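Look over the sequence and the structure before reading on.

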Amino acid sequence: MSTAPITNIATIGQHVGEAVTLRGWLYNMRSSGKLLFPTFRDGSGTIQGIVPKAAVSEELFEALKNLTLESSVVVTGKVAAHPKQPDTFEIQVEDVTITQRVSDETPYPIQLKEAGVDFLMEHRHLWLRTPRQSAILRVRATIQRAAAEFFDTRDFVRTDPPILTPNACEGTSELFEMKYFDDDMAYLTQSGQLYIEATALALGKVYSFGPTFRAEKSKTRRHLTEFWMIEPEVAYLDLDGLMELAEGFLTHIVTRVLEAHRNDLKVIGKDVEKLEAVVAPGHFPRLSYDEAHQMLVDAHAKGLIENAHTYGDDFGSPDETYISNQFDKPVMVHRYPAEVKAFYMQPDPKDPTKALCVDVLAPEGYGEIIGGSQRVDSYDLLKSRIEAHNLPMEAFQWYLDLRKYGSVPHSGFGMGIERCVAWVCGLEHVRETIPFPRTLNRIYP
RNA sequence: UCCUGAGUAGCUCAAUGGCAGAGCAUUCGGCUGUUAACCGAAGGGUUGUAGGUUCGAGUCCUACCUCAGGAGCCA
């Protein structure tokens, strides 16, 4: 075996003129008579190899010529600039060890050509190998790291809430239910918020980051039944401070993605200028519910949206799309009517019919990626809200305790990682943002 | 839950109610700079399931199944 240093494809440009070893898979094969052009991938990228018949042994040439796609290989060869494509490299193959050859009887099922959603999802474990899917997962990892890093470097303490809970956090959406030993029922968490309100009052500034579950029968490009959420919660923070936090947070994430993933974004097909506009100088626009409503009324009058928005109702998907399309940065819509929002949101002292809450709408019609609010800090008000929403009072005793012992104004938000990734990458559907998406009709593979 | 659409070769799709087709993939052959290479050949089908109409159904009708898009709800 060769002694050439092991390298990866992403950084292979540093080794032009040198012999290197790549460990990966056969991604594609083209040939032209006595020239082979195998394309290899190694998880960090793809590179074309070139194999003239005269340059290698007869056995190796034949073995390579008949090699099946996605067979695993260790390749040794000299790195050279691509003769036709600028900033691209190729490897002049000298030796190949086949780690495992894909059988002729069971060829790799996923073609390089287009395929349908059902087929790809059924083969998600293999679909992940395509350059686009790999690029998306790299961007996702950076978004997750940047999101945690933003809070870690600002003295937030990460506190992980439970995943098994005894009751609905918000008393709203459908929960996944399971038996908890003999007599009790448990539910998969739909948000860690209530629990991190407790840790925020212990530690000041906290965040949680983990999976959440919704048993909603939603069948759209924005919904998964299992998704990841990052949620900060801060004592003594008001709504304005929360909006500043959200703005800095998203700016940081997009900055990190632009630093590290211009190539990946190109593979994915995202227009990088759209992201550069997000981090350009200037604040994210802030719009009150009333202003947003007026915007929709005007748009309907001009025939720009189909359905008139009724004052007092939440915004529908088409409404959010219209509003976000008016700006090239994320839009923060605040102070919704309290009636359409959750029971724990603090009323606006200037207009108690409004809640001190904010939804951040991503550009390009990606909809709500962040939802947050200032929380009710009065014991009596919270108790009456729990009653008004017909929630089981005994389950919320601990939550009420937080208002009994040193209650303070506090605020927090939650961001769904998958929607953020879909927006940053410009994807049609959130199912591509997570390795193994869980949707209404699919839990395999 | 509701609305809409789609199920035909391994994949992506054609086929006026009248012989089941193409491209890609696979196998075989050709080609010394190919770019989802190209050229030639071969194999590959219970047309989602069950009924019905008809001389004849992939095509029309009914029910069901599966998937997708949207609404509602949400991140």
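A polar contact is a pair of N or O atoms within 3.5 Å; within protein, one must be able to donate a hydrogen and the other to accept it, and residues adjacent in sequence count only if both atoms are side-chain atoms. One example is a base nitrogen of RNA strand B, which is 2.7 Å from a polar backbone atom of Leu-224. This is a predicted model, in which local features need pLDDT of at least 70 and side-chain atom pairs count only at pLDDT 80 or more, while totals for chains, interfaces and linings use all residues. Residues are numbered from 1 along each chain as its sequence is written, chains are lettered from A and ligands numbered from 1 in the order in which they are written, and side-chain values use heavy atoms, with hydrogens and water left out.

**Contacts with the RNA**

- A side-chain N or O atom of Glu-114 is 2.9 Å from a sugar or linking oxygen of RNA strand B.
- The surface near RNA strand B is made up of 14 nonpolar, 18 polar and 19 charged residues (nonpolar: Ala, Val, Leu, Ile, Met, Phe, Trp, Tyr, Cys and Pro; charged: Asp, Glu, Lys and Arg; polar: the others, Gly among them).
- β1 gives the most to this surface, with 4 residues (strands are DSSP runs of E, at least two residues; helices are runs of H or I, at least four; both are numbered from the N terminus).

**Salt bridges**

- The whole structure holds 23 salt bridges (a side-chain nitrogen of Lys or Arg within 4 Å of a carboxyl oxygen of Asp or Glu).
- Arg-132 forms a salt bridge with Glu-432, with the closest N and O atoms 3.2 Å apart.
- This pair links distant parts of the chain, 300 residues apart: Arg-132 is in helix α4 and Glu-432 in the segment after α13.
- Glu-432 is buried at 9% relative accessible area, whereas Arg-132 is partly exposed at 29% (buried: under 20%; exposed: over 50%; partly exposed: in between; 1.4 Å probe, protein chains only).
- Glu-428 forms a salt bridge with Arg-221, the closest N and O atoms being 3.0 Å apart.
- Glu-428 lies in the segment after α13 and Arg-221 in the loop between β10 and β11, so their pairing ties together parts 207 residues apart in sequence.
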